[in-house]
Amino acid sequence: MDVTMSNKMEASLQLLQQAAAKHGDALVYPCSFGAEGSVMIDLICRNGLNISVMTLDTGRLPQATYEVIEAVEKRYGIRVQVVVPDSDEVESMVQTHGVNLFRQSVALRKRCCEVRKVHPLMRSLQGKQAWVTGRRREQSRGRADLKPVETDPVYKLIKYNPLLDWSWDDLWAYIREYDVPYNKLHDAHYLSIGCECCTRAITVGEDERAGRWWWENDDVAAECGLHVMSLKEVSGEIEDGEGI
Ligand code: SF4
């Protein structure tokens, strides 16, 4: 592993240590179990950091994601907190719009993400002070200006972004160096991994985010609402026309 890579690892670890020391049990890592998640969990567990790992089981995840969750639990001796959507809310949405509503319009795709991801995430963040994300600057234009530490302007919940400067190759150098469990969909040219129905493999030269909601073909729209908007906005408490 070269010096640049070692420096990135050290910087990421320092940020995680800083977050863990500051927030204790009020810090959580919501993980989607792509390559970033594999690296982050290994950084957390290898260094004995007190950061709990949770994931959102939307009900539409690929089997490969369940497999890597199980592999991670066995490797590190941890239990991942699996958070599911409210069943009444899912039933009502599907009853009204159908099981594949996300194909009908951007608004309905965002509604699906709101019910299956945003609301459960908000529920799981209650009582927390901060969360860790696996976002990286090179993932999209919208992520180029992110800062390592950000604060939600409404709820003051702090986001830590330890992998901002990691490249895709950095992630894989780390995964191979430490033989880290990873999502096998990556072997089939999936870069960004989410729900099975909304994720695809990409071809050479395509942007990483082209593997998600590709039918919308809009870089700005290609966020699920977990990170684009403040928590108050995603919770639907603001009726400012920006609702997801
Ligand atoms: S990624 Fe697709 S299936 Fe998953 S919550 Fe969003 S719209 Fe629904």
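Predicted model: local features only at pLDDT ≥ 70, side-chain atom pairs only at ≥ 80, totals over all residues.
**View A. Residues around the ligand.** The shell around the ligand is made up of Arg60, Phe102, Arg109, Cys112, Cys113, Arg116, Lys117, Cys195, Cys197, Cys198 and Trp213. Sorted by class, this shell holds seven nonpolar and four charged residues, with no polar residue. Among the residues around the ligand are the cysteines Cys112 and Cys113, and the arginines Arg60, Arg109 and Arg116.

**View B. Packing of helix 4 and helix 5.** Helix 4 spans residues 87–97 and helix 5 spans residues 106–125. Their axes come within 10 Å and cross at roughly 165 degrees. Because angles over 145 degrees count as roughly antiparallel, helix 4 is therefore roughly antiparallel to helix 5. The crossing of this pair is left-handed.

**View C. Packing of helix 2 and helix 6.** Helix 2, formed by residues 35–46, packs with helix 6, formed by residues 168–177. The angle between the two is about 50 degrees, and their axes lie 9 Å apart. Helix 2 is therefore oblique to helix 6. Helix 2 passes helix 6 in a crossing that is left-handed.

Methods:
Residues numbered from 1 in each chain as written. Heavy atoms only, no water. Near = heavy atom within 4 Å. Nonpolar A, V, L, I, M, F, W, Y, C, P; charged D, E, K, R; others polar. Axes fitted to C-alpha atoms, helices over the stretch in contact; angles between N-to-C directions. Helix = DSSP H or I, 4+ residues; strand = E, 2+ residues; numbered from the N terminus. Parallel < 35°, antiparallel > 145°, perpendicular 65-115°, else oblique. Left-handed = near helix turned anticlockwise from the far one by under 90°.
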